Structure formats: structure tokens, C-alpha cells
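Trainee: I would like to go through this chain with you. Could we begin with the strands and then turn to individual residues?

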Amino acid sequence: MFMKKHADEQIVTTGGTKAANEGKETMEDLGTQSIEGVTAHGTRSTHVIPAGQIGNEKPITVTTESWYSDELGMEVLRVHKDPWAGEVTTKVTDVRRGEPDASLFTPPADYKVDKSGSRHVIRIETKDGEQLPPPPPPQD
């Protein structure tokens with residue numbers, strides 16, 4: 001079986017031979033365009049597995065088109081096409097800029113936040129005074 005990860009990562013094979021990695025891969029600069037109101041730079045990676053390399057009768061072409069926004073610091077569109085998975089499109093939509101609503105960070109009205117003490121521990125209780133178990137410590 002042949003699997004290709006992102007264009008900047010290594011090709012991983014399972015159950016195949018080293019020859020599967022020897023297909024040709026090309027990178028193409030697609031320039032810039034606006035996607036969902038954000039400027040993004042695109043690249044297309046095309047990998048061809050030659051006929052006979054993994055038991056295939058014909059060459060297999062796998063392409064990944066990636067659009068990255070420096071402004072958002074993330075990929076806003078990816079189109080991956082291959083014969084095994086078909087076409088898979090991932091797209092960021094409804095981009096909203098600015099500060100999020102502060103209510104997203106406010107505990108529900110029926111909870112009480114106790115900030116007393118010097119350990120910076122936040123204890124959350126219901127209105128009935130029932131104390132909820134503390135969250136687990138962060139994992140390093």
C-alpha cells in the first residue's frame with residue numbers, strides 16, 4: 001500500500017517496496033488568490049507512481065493543491081485527489097476577524113468561581129454548593 005502525506009513530509013509506505021518511493025514528484029506554484037476574503041498562496045504537488053511499481057498496470061497520479069494564508073497563519077483550502085480516496089476537499093469558511101465574544105469565556109450563570117487562595121486554583125461549584133472535581137493536571 002502507498003500513502004503520501006503533505007508535500008513537505010516524507011512518503012510513507014506499508015507493505016510496499018522502496019521502488020514505490022521512486023516515482024516522480026513535481027511542485028507547481030499556483031500564485032495567489034482570494035479565498036473566503038483572505039489572500040492565499042497556492043502550490044500543487046503531483047506524484048506519479050510509474051506503471052508496475054506497486055502492481056499497478058497504469059501510472060497512478062496523486063495531486064494535492066494547497067492554499068496557505070500568511071495573514072491567518074494556516075491553510076485555508078486543500079484539494080487532494082487520488083485513486084484510493086477520490087477527491088477530498090477541506091476548506092475554511094465563514095472567516096470572522098476580531099475579538100471573540102467575551103461570553104464564550106464566562107462560566108455559566110449557575111456556576112461560582114472561587115479565586116481565593118494563593119495557588120491560583122479555580123474551583124467551580126454549582127449554585128447548590130456542589131463542588132465539581134478539579135480538572136486533571138496538564139500533561140507535559
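Trainee: How many bridges join E4 to E5, and do they run parallel or antiparallel?

Mentor: This is a predicted model. In it, E4 and E5 run antiparallel and are joined by 9 bridges.

Trainee: Which strands make up the open sheet, and in what order?

Mentor: The order is E3-E4-E5-E6-E7, an open sheet of 5 strands with antiparallel pairing. Its edge strands are E3, residues 24-35, and E7, each of which pairs on one side only. From one strand to the next, the twist averages 15 degrees.

Trainee: How many helices and strands does the protein chain have?

Mentor: The protein chain has 0 helices and 9 strands. Along the sequence the pattern reads β-β-β-β-β-β-β-β-β.

Trainee: Back to the sheet. How many bridges do E3 and E4 pair over?

Mentor: E3 and E4 pair over 11 bridges in the antiparallel sense. Within that pairing, Ile35 has Val38 in E4 as its bridge partner.

Trainee: What is the phi of Glu36?

Mentor: Phi of Glu36 is near 55 degrees, a positive value in a residue that is not glycine. Glu36 belongs to the hairpin of E3 and E4, which has 2 residues between the strands.

Trainee: What about E5 and E6, over how many bridges do they pair?

Mentor: Strand E5, residues 60-69, pairs with E6 over 7 bridges in the antiparallel sense. There, Tyr68 stands opposite Glu75 in E6.

Trainee: You mentioned Thr64. Why does Thr64 count as buried?

Mentor: Thr64 counts as buried because its relative accessibility is 9%, and the cut-off for buried is under 20%. Thr64 lies in strand E5.

Trainee: Which side chain does the side chain of Thr64 make a polar contact with?

Mentor: The partner is the side chain of His80, at 2.7 Å. Not counting residues up to four places away in sequence, Thr64 touches Thr43, Arg44, Ser45, Arg78, Val79 and His80.

Trainee: Changing topic, which residues form the largest nonpolar core?

Mentor: That core has 6 residues: Ile35, Ala40, Trp67, Val76, Leu77 and Val79. E6 provides the largest share of the core, with 3 residues. As general background, nonpolar side chains tend to be buried together in soluble globular proteins.

Trainee: What is Trp67 in contact with, leaving aside its neighbours within four places in sequence?

Mentor: The contacts of Trp67 include the core members Ile35, Ala40, Val76 and Leu77. Among the others are Leu30, Gly31, Thr32, Gln33, His41, Gly42, Met74 and Glu75.

Trainee: Gln33 is in that list. What separates the C-alpha atoms of Gln33 and Trp67?

Mentor: The C-alpha atoms of Gln33 and Trp67 are separated by 8.7 Å, and the residues are 34 apart along the chain. Gln33 lies in strand E3 and is partly exposed, with a relative accessible area of 37%. Beyond residues up to four places away in sequence, Gln33 touches Val38, Thr39, Ala40 and Trp67.

Trainee: For the protein chain overall, what percentage of residues count as buried?

Mentor: Of its 140 residues, 21% count as buried. The accessible surface comes to about 10600 Å², and 51% of it belongs to carbon and sulfur atoms.

Trainee: And what share of the contacts is between residues 24 or more positions apart?

Mentor: Such pairs account for 27% of the contacts in the protein chain with a separation of 6 or more.

Technical notes:
Residues are numbered from 1 along each chain as its sequence is written. This is a predicted model: local features need pLDDT of at least 70, side-chain atom pairs count only at pLDDT 80 or more; totals for chains, interfaces and linings use all residues. Side-chain values use heavy atoms; hydrogens and water are left out. Helices (H or I, at least four residues) and strands (E, at least two) are DSSP runs, numbered from the N terminus. Buried means under 20% relative accessible area, exposed over 50%, partly exposed in between (1.4 Å probe, protein chains only). Contact means heavy atoms within 4.5 Å. Accessible areas come from the Shrake-Rupley method with a 1.4 Å probe; for residues, only the protein chains shown count as cover. Two strands pair if DSSP finds at least two bridges between them. Axes are lines fitted to C-alpha atoms, for helices over the stretch in contact, and angles run from 0 to 180 degrees between N-to-C directions. A polar contact is a pair of N or O atoms within 3.5 Å; within protein, one must be able to donate a hydrogen and the other to accept it, and residues adjacent in sequence count only if both atoms are side-chain atoms. A nonpolar core is a set of buried Ala, Val, Leu, Ile, Met, Phe, Trp, Tyr and Cys residues joined through side-chain atoms within 4.5 Å.
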